[in-house]
Amino acid sequence: MGEGGDGKSFNFLQVLFEGVIAGGAAGVVVETALYPIDTVKTRLQAAKGGSKIQWKGLYDGLGGNIAGVLPASAIFIGVYEPTKIKLLEMFPENLSAFAHLAAGAIGGAASSLIRVPTEVVKQRMQMSQFKTAPDAVRLIIRNEGIKESGWLHFCHLIRTVTVLSWCGYGSFLLRDLPFDAIQFCIYEQIRIGYKLAAKRDLKDGENALIGAFAGAITGAITTPLDVLKTRLMVQGQANQYGGIISCAQTILQEEGAGAFLKGIEPRVLWIGIGGSIFFGVLEKTKSILAERNNRKDCKLKEL
């Protein structure tokens, strides 16, 4: 047990469980609804020079992506919620933004072991490099991974995750840790200010609107990092870029500074709408779970 940021005691396991359920639900709804916009964004960012993008197969890779997004989103929120509460205990009230920034980054780091390989497979399929997610995993491991096979299934599993994660892990963290930290900090801080001004809890539509604003702003700010991540993840065996710095230098020299903003329109649209849906579903699910637990507590007290 501990004390939350609002002074109320909290049950760590309960907060963790509710975060896992709410995060998983929110992540799956967003990915399913907005996947085509994400595909267009990926193809715009991967296109070099004046090359045209393909408009077919906008749902390519959705199934495999959902299989990764569900546990990744569950882990993220499951870690974020209790971490946020503990950090709010440590920081004075006027520094709550730092607690939200740190909790967002920690949640992002915890979920990255699933998010990174999922993102690699998703973006390769969005670029029509593979027909199915299993084919993508098998061929990426064979062509870009360590050649020696492990003796045990567990070793092979670790090897699979390692190879898939290595394909752009640094660039993924470069984009997603700042993104997670900034988005959740903006969202939480606006909610705090709004609740103080309104002197009441927020309604579902208000949470969704704040989530849309936080997502759109953060998406725009981190677009250059997203371009770098996309280029590194989809390059495959070509190995055109030696790393993040090499990638940035090559893009700047060959395509100009404007290339770092490729895909900003669909990215802002996608993350803005996604933020609205994600935070709307997240808060609603948390509210439903809290009411359910309150009813259970009331019944126990009556016994």
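These legends walk through a predicted model, one view at a time.

Local features need pLDDT of at least 70 and side-chain atom pairs count only at pLDDT 80 or more, while totals for chains, interfaces and linings use all residues. Residues are numbered from 1 along each chain as its sequence is written, and side-chain values use heavy atoms, with hydrogens and water left out.

**View 1. The protein chain has 10 helices and two strands.** Helices (H or I, at least four residues) and strands (E, at least two) are DSSP runs, numbered from the N terminus. Starting at that end, the order is β-β-α-α-α-α-α-α-α-α-α-α. Of the 303 residues, 48% count as buried; buried means under 20% relative accessible area, exposed over 50%, and partly exposed in between (1.4 Å probe, protein chains only).

**View 2. UniProt lists residues 12–37, 58–77 and 97–116 as "transmembrane region" in an unreviewed entry.** Such annotations may be inferred rather than shown by experiment; their positions follow the numbering used here, and feature names are shortened. Residues 12–37 are 100% helix and 0% strand, with end C-alpha atoms 37 Å apart. For residues 58–77 the figures are 80% helix and 0% strand, and the end C-alpha atoms lie 28 Å apart.

**View 3. Phe 17, Val 20 and Ile 21 form a nonpolar surface patch.** Together they have about 240 Å² of accessible area, computed by the Shrake-Rupley method with a 1.4 Å probe, where only the protein chains shown count as cover for residues. Like charges are joined within 9 Å, and nonpolar side chains (Val, Leu, Ile, Met, Phe, Trp, Tyr) within 5 Å. Ile 21 sits in helix α1 (residues 12–46) and is partly exposed, at 36% relative accessible area.

**View 4. Lys 84 is a buried residue of helix α2 (residues 62–90).** Its relative accessible area is 10%. The Lys 84 side chain makes a polar contact with the side chain of Glu 81 (3.3 Å); this term means a pair of N or O atoms within 3.5 Å, one able to donate a hydrogen and the other to accept it within protein, and residues adjacent in sequence count only if both atoms are side-chain atoms. Beyond neighbours within four places in sequence, Lys 84 is in contact (heavy atoms within 4.5 Å) with His 100, Ala 103 and Glu 188.

**View 5. Phe 279 lies in helix α10 (residues 264–302).** Phe 279 is buried, because its relative accessibility is 0%.

Methods: Patch = residues over 30% accessible without salt bridge, like charges linked within 9 Å, V, L, I, M, F, W, Y side chains within 5 Å. Salt bridge = Lys/Arg side-chain N within 4 Å of Asp/Glu carboxyl O.
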